[in-house]
Amino acid sequence: MTNHRNKSNKTKAQAKSKPNANTSGNQVTDDELELYRYVLDLATEKYDFENHREQDLVQQSGQMQAAFSFMTAALFMALPIVIDHRGQIPESFFFVVSSIICFFLMVSLVLASIATWRWKKVALGNITAVKQAVLNSKNREYYLKEKNRISAQIDALEKFQVHKEELNNRRAFLIHLSLIFFFFAIGSVVISFTASIIMYML
């Protein structure tokens, strides 16, 4: 009797333990799905960040073009007045200085203009191609699982984000060079003014 009761108790304990094992398995699957969703949220946030960064860089390039226009207008307005009151300073000095300043300004403008160029981007295929890829008999079973759908979204966002980041880094580099040449132009104005005072007025 005692042995029979022990076997009965063991059987009941095993029966009770089975639902816990299944629950544990389901919990692992749910946790894995939550990880996929978390990665998708991060990928979406990163892609949105690159979109905002692109807009900021294009706006900054436009501001550089406006600064070029302002400085060029100021230079050509001031140059005739300075030449009329040049005193002992030869005209060739103004010609050389203005050429150097205009060169730096032109390079700055060209770089800023290139930075605003809309390069070709990696994009999602048209709806017909997406529908055929997802709903065909070969891939239908794969995309019926939420994890696989999320994984496909992550892969697509990764491809778009990496390409957009490369373009944004290119824009940032061009803007950086444009700023350098713009500062060269400003520095040339200061240096030429100082040199004219030292060479011809002291």
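User: How many salt bridges does a search of the whole structure find?
Analyst: A search of the whole structure finds eight. By salt bridge I mean a side-chain nitrogen of Lys or Arg within 4 Å of a carboxyl oxygen of Asp or Glu. Keep in mind this is a predicted model, where local features need pLDDT of at least 70 and side-chain atom pairs count only at pLDDT 80 or more, while totals for chains, interfaces and linings use all residues. Residues are numbered from 1 along each chain as its sequence is written, and side-chain values use heavy atoms, with hydrogens and water left out.

User: OK, which residue forms a salt bridge with Lys164?
Analyst: Glu54 does, with the closest N and O atoms 3.1 Å apart. Glu54 lies in helix 1 and Lys164 in helix 5, so the pair ties together parts that are 110 residues apart in sequence. Helices here are DSSP runs (H or I, at least four residues), strands are E runs of at least two, and both are numbered from the N terminus.

User: Are Glu54 and Lys164 buried or exposed?
Analyst: Both Glu54 and Lys164 are buried. The cut-offs are under 20% relative accessible area for buried, over 50% for exposed, and partly exposed in between, with a 1.4 Å probe and protein chains only.

User: And which residues are joined with them into one network?
Analyst: Arg118 and Arg171 are in there too: salt bridges that share partners join Glu54, Arg118, Lys164 and Arg171 into one network.

User: What about Arg53, which residue does it form a salt bridge with?
Analyst: With Glu50, and the closest N and O atoms are 3.5 Å apart. Glu50 is buried, at a relative accessible area of 1%.

User: Which side chain meets Arg37 in a salt bridge?
Analyst: That of Glu34, at 2.8 Å from N to O. Arg37 and Glu34 are also three residues apart in helix 1, which means about one helical turn between them. Arg37 counts as partly exposed at 30% relative accessibility, and Glu34 is partly exposed as well, at 44%.

User: Let's zoom out. How many helices and strands does the chain have?
Analyst: Five helices and zero strands. Along the sequence the pattern reads α-α-α-α-α. Of the chain's 202 residues, 23% count as buried.

User: Now pockets. What volume does the largest pocket have?
Analyst: About 420 Å³. Pockets are found on a 1 Å grid over the protein atoms alone: a pocket is an open set of points with protein on both sides within 12 Å along at least five of seven lines, whereas a cavity is a set of points where a 1.4 Å probe fits but cannot get out. Grid points are joined across faces, edges and corners, and the volume is the space filled by probe spheres set on the points.

User: Which residues lie nearest its centre?
Analyst: Val82, Phe94, Val189, Ser192 and Phe193, out of 21 residues that line the largest pocket. Lining residues are those with an atom within 4 Å of a point. Helix 1 (2–84), helix 2 (91–115) and helix 5 each supply at least two residues of that lining, and the largest share, seven residues, comes from helix 1.

User: What's in that lining by class?
Analyst: 16 nonpolar, four polar and one charged residues. Ala, Val, Leu, Ile, Met, Phe, Trp, Tyr, Cys and Pro count as nonpolar, Asp, Glu, Lys and Arg as charged, and the others, Gly among them, as polar.

User: And the second largest pocket, what's its volume?
Analyst: About 350 Å³. The second largest pocket is lined by 13 residues, with Leu124, Val130, Val134, Ala152 and Ala156 nearest its centre. Helix 3 (127–135) and helix 5 are the elements that give two or more residues to this lining, and helix 5 has the largest share, six residues. By class, there are nine nonpolar, two polar and two charged residues in the lining of the second largest pocket.
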